[in-house]
Each structure stands twice: as C-alpha cells, then as structure tokens.
Amino acid sequence: MPVIVDPDGGSVRRLLGALPPGCQSVDSTDRLLPWLAQHTDEYVVVLGPNVRFDDAVAVCEGLRVSRPMTGVVLVRESFDTQTLARAMQAGAREVVALNDLDSIAGAVTRAHQFSVALRGPSASEHHGTVISVFSPKGGVGKTTIAVNLALALTDKGNRQVCLVDFDLAFGDVAITLQLFPTHTIEHAVGSEDNVDVALLDSLLARYQDSLKVLPAPSHPDVRDRISPALISQTLRTLRTMFDYIVVDSAPAFDEQTLTVLEDTDECVIIATLDVPTLKNVKVALDTLEMLNIGRGHRHLLLNRADDAVGIDAQKVESILGMDISTQITTSIDIAASTNSGVPILTSSPNHPSSAAIRNLAAMFTGEPLSPASGPGRHLEEEGERRSRIFRIRR
C-alpha cells in the first residue's frame, strides 16, 4: 500500500481520500527509510505538500538508486516549470497539485502498474503474517494477550496490524478496547466470493492509527452463519492489507477455529498453572500434531506463571513436551488495565508483562529481544534461540 510522508495530519487525511484503503503514513523523511526497510514490497511514496522541496528532491534521488521499483509522487500546493523539471530530474515519477485528487489517484495507480511490470504480478502482492492466539480452555487470558500482542506488533505506528476476533460466539476484543463498532464480520455473511479490500475496510474499527479491529458478532447465534470459506477468504484478503494479522480464536475445535489454525503462520498457545488447563492444552497439542497443523510454528505462553501453586515451568514443559517461549506472572495491574479499557502495554509500557509481550512480538518480527527483568520475564536463552530460527525462516 502507498505510504504518505507529511508532518501535517490535515494534509495526510486529505491525501488519504485519493488513495486506496489501508494506506499508511510517516511524519518525516527521516522516518521514511526505516519504514521502507521493513516494507520491501512498497511500490509508491507520496511526498505531501509540507515536505520541504529540498528534502523531497533528496528522497527522489536516493530512491532512484536504492529502490528503483518504488515510485515517488510529489504533491505540491502549486508548482512551476522549474520545480517540475528539477523534481523529474531527481527521479520523481510525477508531480501533482494538492487540489487535484483525481490526478493524485491516477499517479498512484500508474506507479503501481509500473511496479507490477518491473516485478511481475506475484511480487507486487503484499503478504502479511497471520498469528493466532489459541487455548482450548477459556479464562486463561487469551484475549488480553491477543490485544497486547497486536499493539506490540504495531511498533508505535511503524507497522500496520489488524486484530481479528474470531471467537465468534463470545468474543471480547471490542469491549476490552472499549470499542462500539457498527459493523462486524457478520456483515460479510453471504459475500464469501466477494471478500475484497473495500468490503473489509468498511467493516474494520480503528483503535489507533496503526491498529484496526475486525470485531466478532454481537450475538452468539450468528456463529453458525460464519462459514469456514468466509474465514479463509477474510484472512487471505487481510494479508494483502496489513503487515500482521493477530487472531483471537475461540477456545474450541469447531470447524471455524480449525480453519483459522490451518490458515495461520504462527500459533501462540496459552496455558496456565492448573491441572485442568494443562490437560486440555496437552490434548489440543496432540490434536494439532495429528492434523499436522502448525508443526514447528507453535509457541507456548505460560500465563499467571506464579511459583507457589505446586507446578513450575519445568514441570509444564515436561507435561506438554514443549518449551515455554514466554511466561507472564499474575498481576493486578493487568486486570486493572483490562477493566479500564487501556491495555497494559499502553497504560504501563515499562511493566514486566509489557516487556514479555514485546519480546514475544520480537520473536515474530526478528528484532532484538529486550533485557529480561523481574517477574514476567521472557525466557531469554530460549527466546534468543527461537529468534535466530525466525530470522532464518523469514
């Protein structure tokens, strides 16, 4: 999707009206190059009217050499022949007036066509990563983990993330974030063959600039109307719109949940330190193994990992036959943040649980892990080993 560079929010909103759904923005040319480094398939940069002309020329000259398949469209309040000539010499694909939204849209479309011609159609399609958060037992903190993981993956706005609530009967993502959506996945029922970007964009609720939410239906009886085909097509289309798609799945092995897990790249499995949950997780792992789902891409998160309940982390690993990727201890702060509608990652970014969630996100993005500290710490040695594996895979 196109990326807009402009420090003025009003100009960004105006430009968004001319661009495809899912477009992103950064507020300076200094932030553009790090952003592009993480979005290697970007086909066009739109430099807004508030970017200094000399800075715009420098961006054009740099991208002309380093990323020739990424076009630059320069938007100005007004321009003369000299400005146009200098911009084109620097490598701008087109120079367009801010008040001509049709021409801006056309310039972006032509940049996309040119990129497709250079790369080939398959290379131009964005392919986001689907991460499911799953547990066979309810009440283990699955939604809280999913919400905070999605926020961690946004990297403070540098990545676009969609949080999908596919706990279709009793999903709590919307209420956890204090969202009151007017549309949910229910409104796509009957459109299994026509799930496109425009349809899904109309159903998404915005939580932050870089996080959007696809809510679960508001009534449990809708679940049976959500077909596996609709789930699969929805995830496939969301991959083209976002860098990461985090799915809060149902605590069940119904056909909808199995479809989610089959279409998942990475699966975070939540367990807690009680015998009934560990028994259910063991059965779930055996079932996934039997169905050959997520083999080599399952990651165990031990939630409420307190030491004084008679079962420790080592015992959990022995019971489940699986290494723990992350553990988080019980904290009243997490419950308080959930009740307030402000996730712990936002309300207390330095909290040990927030650090653990960021480290979990770093495993999927291939970024360096944060230092372990205090309760709720990430299992550092195991995390570093897994992080290296992820870099190799990706």
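## Helix pair α11 and α12

Helix α11 (residues 275–290) packs against α12 at an angle of about 40°, and their axes are 10 Å apart. Axes here are lines fitted to C-alpha atoms, for helices over the stretch in contact, and angles run from 0 to 180 degrees between N-to-C directions. The two helices are therefore oblique to each other. Angles under 35 degrees count as roughly parallel, over 145 as roughly antiparallel, 65 to 115 as roughly perpendicular and the rest as oblique.

The crossing of α11 and α12 is right-handed. That label applies if the near helix is turned clockwise from the far one by less than a right angle, and left-handed if anticlockwise. From α11, L278, V281, K282 and L285 meet V316, I319 and L320 of α12. Contact means heavy atoms within 4.5 Å.

## Model and conventions

This is a predicted model, in which local features need pLDDT of at least 70, side-chain atom pairs count only at pLDDT 80 or more, and totals for chains, interfaces and linings use all residues. Residues are numbered from 1 along each chain as its sequence is written, and side-chain values use heavy atoms, leaving out hydrogens and water.

The chain has 16 helices and 13 strands. Both are DSSP runs numbered from the N terminus: helices are H or I with at least four residues, strands E with at least two. Buried residues make up 53% of the 394 residues. Buried means under 20% relative accessible area, exposed over 50%, and partly exposed in between (1.4 Å probe, protein chains only). Among contacts between residues at least 6 apart in sequence, 71% join residues at least 24 apart.

## Five-stranded sheet

Five strands form an open sheet in the order β2-β1-β3-β4-β5, with parallel pairing. The edges are β2 (24–26) and β5 (94–97); each has a single partner strand, so one side of each is left without a neighbour in the sheet. Neighbouring strands are turned by 25° against each other on average, direction ignored. Two strands pair if DSSP finds at least two bridges between them.

Strand β1 (residues 3–5) is joined to β3 (residues 44–47) by three bridges. I4 stands opposite V46 in β3. Helix α1 (residues 9–16) lies across β1, β2, β3 and β4 (71–76), running at about 150° to β1.

## Eight-stranded sheet

Eight strands form a second open sheet, ordered β8-β9-β7-β10-β6-β11-β12-β13, and its pairing is mixed. Strands β8 (205–208) and β13 are at the edges, each pairing on one side only. Here, too, neighbouring strands are turned by 25° against each other on average, direction ignored.

Five bridges join β6 (residues 129–134) to β10 (residues 244–249), and these two strands run parallel. T129 has Y244 in β10 as its bridge partner. Helix α9 (residues 228–239) packs on this sheet. Helix α9 touches β6, β7 (161–166), β9 (211–214) and β10, and its direction makes about 170° with that of β7.

N303 sits in strand β12 (residues 298–303). Its relative accessibility is 8%, so N303 counts as buried. The N303 side chain reaches the backbone oxygen of V140 at 2.8 Å. Beyond neighbours within four places in sequence, N303 is in contact with residues including V140, G141, I270 and I328.

D323 lies in the loop between α12 (313–320) and β13 (324–328). Its relative accessible area is 34%, so D323 is partly exposed. D323 and L301 are 22 residues apart in sequence, and their C-alpha atoms are 9.3 Å apart in space.

Notes
A polar contact is a pair of N or O atoms within 3.5 Å; within protein, one must be able to donate a hydrogen and the other to accept it, and residues adjacent in sequence count only if both atoms are side-chain atoms.
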